[in-house]
Structures are given as C-alpha cells and as structure tokens.
Amino acid sequence: MAHRHNGRKRRGRAVNGWLIVDKPSGLTSTAVVNRVKRRYDAAKAGHGGTLDPLATGLLPIAFGEATKTVPYVMDGLKTYRFSLRFGVRTETDDAEGAVEAESDVRPTEDEIRAALPQFIGDIQQTPPIFSAIKVGGERAYDLARAKKPVVLEPRAIYIEDFQLIGYTDADHAEFLVTSGKGAYMRSLARDLAQAVGTEGHIAALRRLTVGPFTENDAISLDELDSIGQIAALEQRLLPVAAALDDIPALMLTETEASRLKNGQPVSLLKKADLQRIAGITEGDTVLAKGQDGPIALVRYSAGEVQPIRLLNL
C-alpha cells in the first residue's frame, strides 16, 4: 500500500501489534526499530522505552495501532539486572565513557545492603549528563559531547525494589532493580557507589521485563532474520491489546461500540451494567472491547465512558 507523504511515496504495510525484541549490545534502540520495521515492511513503528546502546534485553516495538498504546507500556514497571563496577566513575556513567574519578574503596556486601533502602520508594534522582533529556531545547548528550556545562535538575522517580545479587569478583557486583518510569540505572549505580564511599559505573545492563512483557515474549534479531516468510513473521507479533494487560476491560454491545466509534460517550448507569463496571473505578482508563476485539481506550467517569484513543483494528 503506497501512501503519499509530502509528495514522496512512503511504502509500507499496515502492520498492527507488538514485537518484543531482545536487543543486542552495541545497537541504538532507533537502529533496532528501523531494522525491524524494514523486515516487516511496516508503515509505522515505534518503541516502548529506549535502551542505551550498551544495554541488552527487552525492547518492545509497536507497529501501527499499537503505537497508541505505547504510553501504557512506558508507565508500567520495568525490571533490570546490572553489573556495577566499583572504583571508577566515568563521564557517561557506563563503560563507554572516559574515566572521571577513581577510588580504592571496595564496600562489603553488608555495607551495600545497608545502603540500598535509601534508594527504594519515591526518590529524587539526577539523570546522567549523557542522556536524551532536553536542556534549553538541546539534548543533554549533545551538550556533554561538545564539552559544554550541563546542569540537570533532580527528578522524582519510583524504585519498587533494589537487590544485591552478590559480588562476581573483587570489583563487580550484580543487582536486580524494579523501577517506574524515567529512572536511570546508570544514575542508580553512580549514586549507590557514592553512598558506600566509592565511585562506580554500570559495566553491563540488561532489561528483563517492560510492563506486561517478559523474556518469554522476546525474539532476537538473529532469530528474526532467520524467518523467511512474512506470514511466519506475523505469527511472532503479539496483539495490540497485549500492552494493556493491566488495564481493566469492558465488553460493549454493537450499538454501544458504534456510538463509541463515532466519538460519543456510552452511559453505564443501568442496573444491568453493575456487573460490567464492578472492577472499574472513577477516572480509570479502560479498554473497550466488542465482538471482534479491542475498539478504544476510554476513560470511565460519572457513570459513562468517553473515548480517548480509537483503535482501528
């Protein structure tokens, strides 16, 4: 199907759904999206949360209508495993950057465990200067690379869990983290090292889960490249609604569904509706479904649902 776009022909198939890629180290998240998009010959694709080039693991890629559900994936919890190299701080807070500071101090496992609670819950975190955060309209990493001063404000983030798995050698310890949106593992590693009286950076980072997606859902780029036919590739896609596992669902009648598709609210005030709305509370985002599957993301308020995003599936 060819679309006309700014006078150019933009090719691509209408592909809808999620592909959960196990990203290899050394590629940017954007490079992975572009490669996968070409592989599927898809008109539209985006990802559910950037991974640093050095990081590996779950990079959920949304095709077509699934791009409308990306915010719900990014708002979910994520799990990471990382290796912290004690004794060296780098300008990028990972193994790529130039060394900025060194220390001979190596904390004991007990000292590390004693420091972890201060990083759990709602905390303030200063992002790495090598990050995509905008400062006065410019990306922080562009300023940092140009050796311009970068001052980033601390921001509120949420860390649900932060565990020490153990020392792998005298200089490296492994950690497991469950975090909310906008948390930087590189900052967590840097700050923890400083809290135990030394310096540190992330030597290796892997994302294990993103929202409802786990390693069981994931496919490597090599595996993807070995699949010849488009039909077989399509079978690896998860449905658009897979991103919305944590969101309550609401079944609509055909009449209600067509009202919603026309942008009109649907009232749920009758006695017969009580059962349908039992698990839904005021202000909730809900996935409205019809006979043929998902119809829209809606907001439930004052006894009715209003469409937020229609899903054209």
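On a 1 Å grid over the protein atoms alone, a cavity is a set of points where a 1.4 Å probe fits but cannot get out; a pocket is an open set with protein on both sides within 12 Å along at least five of seven lines; lining residues have an atom within 4 Å of a point. Grid points are joined across faces, edges and corners, and volume means the space filled by probe spheres set on the points. This is a predicted model, in which local features need pLDDT of at least 70, side-chain atom pairs count only at pLDDT 80 or more, and totals for chains, interfaces and linings use all residues. Residues are numbered from 1 along each chain as its sequence is written, and side-chain values use heavy atoms, with hydrogens and water left out.

A search of the whole structure finds one cavity of 30 Å³ or more. The largest cavity has a volume of about 50 Å³. Its lining consists of Asp52, Leu54, Ala55, Asp94, Arg186, Ile202, Ala203, Ala204 and Leu205. Strand β14 gives the most, four residues. (Helices, H or I of at least four residues, and strands, E of at least two, are DSSP runs numbered from the N terminus.) By type, the cavity lining has six nonpolar, no polar and three charged residues. Here Ala, Val, Leu, Ile, Met, Phe, Trp, Tyr, Cys and Pro count as nonpolar, Asp, Glu, Lys and Arg as charged, and the others, Gly among them, as polar.

Now the open space. The largest pocket holds about 960 Å³. It is lined by 33 residues, and Thr50, Asp52, Ala132, Tyr184 and Arg186 are the closest to its centre. Two or more lining residues come from each of α1 (29-40), β6, α4 (140-145), α5 and β14. The lining splits into twelve nonpolar, eleven polar and ten charged residues.

The second largest pocket has a volume of about 230 Å³. Of its 14 lining residues, Lys261, Gly290, Asp292, Gly293 and Ile295 lie nearest its centre. Both α8 (254-261) and β19 (293-301) supply at least two residues. The largest share, four residues, comes from α8.

Turn to the packing. A nonpolar core is a set of buried Ala, Val, Leu, Ile, Met, Phe, Trp, Tyr and Cys residues joined through side-chain atoms within 4.5 Å. Buried means under 20% relative accessible area, exposed over 50%, and partly exposed in between (1.4 Å probe, protein chains only). The largest nonpolar core has 27 residues, and Phe82, Phe162, Phe175, Met185 and Leu192 have the most contacts inside it. Elements giving two or more residues are β6 (78-86), α3 (109-115), β12 (155-167), β13 (172-179), α5 (185-195) and β14 (200-210). Helix α5 gives the most, with five residues. Apart from this core lies another, of 19 residues, including Val210, Ala218, Val240 and Ile247.

Finally, the rings. Rings of Phe, Tyr and Trp (its six-membered ring) pair if their centres lie within 6.5 Å; planes under 30 degrees apart count as stacked, over 60 as edge-to-face and the rest as tilted. The structure holds seven aromatic pairs. In one of them, the rings of Phe82 and Phe175 have centres 5.4 Å apart and planes at 35°, so the pair is tilted. Phe82 lies in strand β6 and Phe175 in strand β13, so this pair ties together parts 93 residues apart in sequence. Phe82 is buried, at 0% relative accessible area. Phe175 also counts as buried, at 0%. Ring pairs link Phe82, Phe119, Phe162 and Phe175 into a cluster.
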